[in-house]
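This report looks at one residue and its surroundings, and then at the packing of a pair of helices. Please keep the sequence and the coordinates at hand while reading.

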Amino acid sequence: MRKIDIVIPVEAVAYDELSDVDRQLVDLAREATHRSYAPYSHFCVGAAIKLSNGEIVTGANQENVAFPSGTCAERSACYYAHATYPDAKFEIIAIAARGTDGNEVARPVAPCGACRQALLEYETLAGHDVKVILAGADEIYVLRSVKDLLPLAFSEF
């Protein structure tokens, strides 16, 4: 038997250390949390994706009493992005959340497993790393690739 250590590089940055584009995406993801429909969990998530054609698409989680019929912010944004701009490639995604108290979460939240797998599909389609920005009120994490969120991903075999 051999041990394998998986190390995922994450940068913790302040808002003012982000580029103008990254700050814009964080702002749009934060704004998108206000378009969530979360009457059951009261946990509102927003996502913003920058595409290779310059467009930015946002999404917000949408819940349904017939759980799990709703969808997460990340999948809401990525499915809309590809359905609307099928030739554009994903470049960057920013994700933000507001907790059950209505305030932005202090520490960043990461996508659920289903969203990680969906985002990885679009990173694969893009043919290059897609930067991930996870925004919290007190700190922001930047990952170089969706693969960093899902290092042992299910993929083509």
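In which strand does Ile-49 lie? In this predicted model, Ile-49 belongs to strand S2, which covers residues 44–51. Ile-49 has a relative accessible area of 0% and is therefore buried. Once its neighbours within four places in sequence are set aside, the residues in contact with Ile-49 are Leu-25, Glu-55, Ile-56, Val-57, Ala-77, Cys-78, Phe-90, Ile-92 and Ile-93. Asp-20, 29 residues away from Ile-49 in sequence, is 14 Å from Ile-49 in space, taken from C-alpha to C-alpha.

The helix pair H2 and H3 comes next. Helix H2 (residues 73–84) packs against helix H3 (residues 113–126) at an angle of about 30°, and their axes are 9 Å apart. Because angles under 35 degrees count as roughly parallel, H2 is roughly parallel to H3. The crossing in which H2 passes H3 is left-handed, and the residues that make the contact are listed below.

| Helix | Residues in the contact |
|---|---|
| H2 | Glu-74, Arg-75, Cys-78, Tyr-79, His-82 |
| H3 | Ala-114, Cys-115, Ala-118, Leu-119, Tyr-122, Leu-125 |

Sorted by class, the contact of H2 with H3 holds eight nonpolar residues, one polar residue and two charged residues.

In H3, the buried residues are Cys-115, Ala-118, Leu-119, Leu-120, Tyr-122, Glu-123 and Ala-126, and their cover includes H2 and strand S4 (90–98). With 14 residues at 1.5 Å a residue, H3 should span 20 Å, which agrees with the 20 Å between its end C-alpha atoms. After H3 comes Gly-127, with a positive phi near 80°.

Methods:
Residues numbered from 1 in each chain as written. Predicted model: local features only at pLDDT ≥ 70, side-chain atom pairs only at ≥ 80, totals over all residues. Heavy atoms only, no water. Axes fitted to C-alpha atoms, helices over the stretch in contact; angles between N-to-C directions. Helix = DSSP H or I, 4+ residues; strand = E, 2+ residues; numbered from the N terminus. Parallel < 35°, antiparallel > 145°, perpendicular 65-115°, else oblique. Left-handed = near helix turned anticlockwise from the far one by under 90°. Contact = heavy atoms within 4.5 Å. Nonpolar A, V, L, I, M, F, W, Y, C, P; charged D, E, K, R; others polar. Expected span 1.5 Å × (residues − 1). Buried < 20%, exposed > 50% of the residue type's maximum accessible area, 1.4 Å probe, protein only.
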